Amino acid sequence: MCGLFFKISESPDREFERYVTQLLFHRGPDDQGAYFEQVGDRYLSFIHTRLSILDVSMMGHQPFRYKDTLLIFNGEIYNYIELREELRQDGYTFETGTDTEVITAMYDKYSVECFAKFLGMWAIILYDAVAKEVVISRDRFGVKPLYYAENDGDLIMSSEIKPVKHFLKRPALNRDVVSDFLREGVLDNNADTFFDGICRFPPASYARISLNKKSMAVSPNVTTYYRVESAIDNRQVSVAELEAVLKDAVDKHLRSDVPLGFCLSGGLDSSTLLKLSVSSGQIANAMAFNGYSNYPGCDERANIELLAKTTKFQINYVSPSDAEIAADLMDIFNTQEEPFLSTSVILQWYVFKMIGRHGVKVVLDGQGSDEIFAGYPTFYLQSLLDNFRRAQYVKLASVLWRILRYYSHLVRDGLYNYRPMPRVEPLGFPADQLKHTLIYYIKHRSLPALLRYEDKNSMRFSVESRVPYLDHRLVDLALSCDSSLLINGGRTKSILREAMGNSLPRAIIDEKRKIGFAAPEEKWVQGLVEGNRKEFLAGIHKLREEGLGHETLLEKLHAQIQERSRVRETSRLWRYYCIVKWRKAFKV
């Protein structure tokens, strides 16, 4: 896990090296490197900050040169051992124990076809001196970030927005993105960021930028190497097959030469990762980390205590006070770089702060499981549609019964906040509504934002967060399952629950609530607004003047805050508060 910066420019400029290195230092405090080269009438700049995970010696220093290629890389290639052995059989030799060297050798053998062979998370920028081209790639689901801007003939790329923003003459907010966020709670659903002119490089893609051409534009040169939609099927996947793929995914994600721990909410997903990891025998003295609040519905410590009776690990807790949150809030906004939908991101920030203080450099986390195994209660709606279309009325009745008994309030909220899929990617009304909704959540709805929160919060404290559920083999397997294996008998994640039924406490297997690192949203938001009342009112007034957000809602919100009336729609209140604080943090 590291920090990257890359620039193609028409004039030399090395004065920014120290500044950019400082901006990205938290992403790579163990080692820093830079390389500059003139190619024709263009100047290439590579800057790298390293968080050493595999082969922590200086042999893994970047930029990394291999034959005629130069590489900067952020992430992990978990199958690097298998790939290295394959390459050795073809006569390749290796001087380091890093996955970095394996990437360059794989590129030497397969060119851009190598990316489809990687199992992992990555943002890669590689200069091929023979072809006179820059090759850029990002992992299948966008676990590792990569931002870029095209400015006056220059191309600027980085792991974070701040270094890119520095090189834009007049950074401004993206009105469309801000409006979508304020009005509908939509964010991170396409390439656009909240900053006008700064984009995300697309996941599951690579680009080849020729230095022999006049244009350095990224979009026309992008090729997709993986399509998650192609995995959709309706076959009867066995529990044994799922167990085998899941265990292998976890085993490979445990590869590390530094201390490794676990984010543990106490729910099914994180408990599964911890249990499988400890059972593998690869982890001694496992350390787990949890954030909670004493507010009702925000505490899963009881489940963690149950798990501790059958699984050996050390648990560490954090519960930030209101005063701590108020003091750290601007740091949190600077960390995230863009607005976020929930105050649970704040609690997650404190969890990673605790992890960093314990000297743990790698953690496993459960992001992605809800999206691939249909874990959100709102997926019941799609399951109902599928069962109705297939005339499976017994299954339809079981889903309806569970909704009415346990989840009526959540489905009501889901309907209230529902965003039609055609807004981003027209899918029509597919025969398998559930699977196509999962695809939408993976590519646009929830997962991109969750991965952004995870990366920014973890790297703020120099911690690498790994997400085994996004091993593409596991994603493909889950999407190939018959839908009844995902939601069955009114239970979400049915096949995962069955696979772990004999390994985890029944309370965790049968848990109906979704908590995670849940924060007391209403309490925190009301407190933050009241503590910054004057500033918030000024921010709302500015939004009204600029025509951003919903005019009627803004007027109502302004009046309620001014009169100190209670605002009932906490999620909307948070979005407006979040934009006001974000604008202050980034001066946009």
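**A strand and its partners**

Tutor: In this predicted model, I124 stands opposite S137 in β7, and that pair belongs to the antiparallel pairing of β6 with strand β7 (residues 133-138), which extends over six bridges. The hairpin of β6 and β7 has four residues between the strands, and in it K132 takes a positive phi near 55 degrees. I124 in β6 also stands opposite F73, and here the pairing is that of strand β5 (residues 69-77) with β6, an antiparallel arrangement joined by nine bridges. Eight of the nine residues of strand β6 (residues 120-128) are buried, so this strand is largely enclosed by the rest of the structure.

Another sheet in the model is open and is formed by six strands in the order β2-β3-β1-β9-β8-β10, with antiparallel pairing. Its edge strands, each of which pairs on one side only, are β2 (31-39) and β10 (199-200). Within this sheet, strand β1 (residues 2-9) and strand β3 (residues 42-50) run antiparallel and are joined by eight bridges, and the bridge partner of F5 in β3 is I47.

The loop between β3 and β4 (64-66) contains P63, and the peptide bond that leads from Q62 to P63 is cis, with omega near 5 degrees. D55 has its place in the loop between β3 and β4 as well; its phi is near 50 degrees, a positive value in a residue other than glycine, and D55 counts as buried because its relative accessibility is 17%, under the cut-off of 20%. K587, in the segment after α22 (570-586), likewise has a positive phi, near 55 degrees, in a residue other than glycine, but K587 is exposed, with a relative accessible area of 72%. Such values deserve a careful look, because most residues other than glycine have a negative phi, and most peptide bonds are trans.

Turning to a helix, α14 has 13 residues, yet its end C-alpha atoms are only 15 Å apart, which is short of the 18 Å that a straight helix would reach at 1.5 Å a residue. Ten of the 13 residues of α14 are buried, so the helix is largely enclosed by the rest of the structure; among the buried residues are Q433, L434, K435, Y440, Y441 and H444.

Of the 32 residues that line the second largest pocket, the closest to its centre are R140, P202, P203, K443 and H444. The elements β12 (222-224), α14 (433-445) and α15 (447-460) each supply at least two residues of the lining, and the largest share, five residues, comes from α15. Sorted by class, the lining of this pocket has 15 nonpolar, six polar and eleven charged residues.

Finally, the cysteines: a search of the whole structure finds zero disulfides. For C2 the reason is distance, because its sulfur is 18 Å from the closest cysteine sulfur, in C114, too far for a bond, and C2 itself is buried, with a relative accessible area of 5%. C578 is in no disulfide either, the nearest cysteine sulfur, that of C298, being 18 Å away, and C578 counts as buried at 0% relative accessibility.

Note on methods:
Residues numbered from 1 in each chain as written. Predicted model: local features only at pLDDT ≥ 70, side-chain atom pairs only at ≥ 80, totals over all residues. Heavy atoms only, no water. Pairing = 2+ DSSP bridges. Disulfide = S-S within 2.5 Å. Buried < 20%, exposed > 50% of the residue type's maximum accessible area, 1.4 Å probe, protein only. 1 Å grid on protein atoms, 1.4 Å probe; cavity = no way out; pocket = protein on both sides within 12 Å on 5 of 7 lines; lining within 4 Å. Nonpolar A, V, L, I, M, F, W, Y, C, P; charged D, E, K, R; others polar. Expected span 1.5 Å × (residues − 1).
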